[in-house]
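Me: Please take a close look at one part of this structure, the aromatic residues and the core around them. Keep it brisk.

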Amino acid sequence: MGEGATSSSETLSTSEDIESAGRDGRQDLHEAQEFLGIYKDFSLEPGDIDTDTTFIAGAYRVSGLLTFTAGITITLDAQNVASEFVFNVSNYITFGEGVKVEVINANVIDKKPISVTWNATGGYV
């Protein structure tokens, strides 16, 4: 497991335990959906991003592969608030040599959380 990951061997034995776990899971899901709902949902065309590009917080969907050309800078603008950047790609995500990913406008004084997720559902990063 990666740093900060946890695991549990908790066993649910009664129907009451299972029902309670389901209720807790639904609440967690609802809270996550509510949290992510404050961010915009975007669609990107599959293919190459071959120039320096800036993204604002949100969930980005790509139906196909996503390639970042060598030597470019990908800027993630947190806009001084807690920010989630989620890239859901249905194929491969590739980064050419020397691609830089930079987060700007992160509110370090208030320590607002910033999260970046690269999710390749049908391939790999």
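**Rings in the core**

Reply: Phe87 is buried, at 0% relative accessibility. Buried means under 20% relative accessible area, exposed over 50%, and partly exposed in between, with a 1.4 Å probe and protein chains only. Phe55 is buried too, at 4%.

This is a predicted model: local features need pLDDT of at least 70, side-chain atom pairs count only at pLDDT 80 or more, and totals for chains, interfaces and linings use all residues. Residues are numbered from 1 along each chain as its sequence is written, and side-chain values use heavy atoms, without hydrogens or water.

Now the rings. The whole structure holds 7 aromatic pairs. Rings of Phe, Tyr and Trp (its six-membered ring) pair if their centres lie within 6.5 Å; planes under 30 degrees apart are stacked, over 60 edge-to-face, the rest tilted. Phe55 and Phe87 are edge-to-face, because their planes meet at 85°, with centres 5.2 Å apart. Phe55 sits in strand E3 (residues 53-56) and Phe87 in strand E7, 32 residues apart. Strands (E, at least two residues) are DSSP runs, numbered from the N terminus.

Phe68 and Trp118 also pair edge-to-face, at 5.8 Å between centres and 80° between planes. Phe68 is in strand E5 and Trp118 in strand E10 (residues 114-120), so this pair ties together parts 50 residues apart in sequence. Phe68 is buried at 0%, whereas Trp118 is partly exposed at 23%.

Ring pairs join Phe55, Tyr60, Phe68, Phe87, Phe95 and Trp118 into a cluster.

Technical notes. Helix = DSSP H or I, 4+ residues; strand = E, 2+ residues; numbered from the N terminus.
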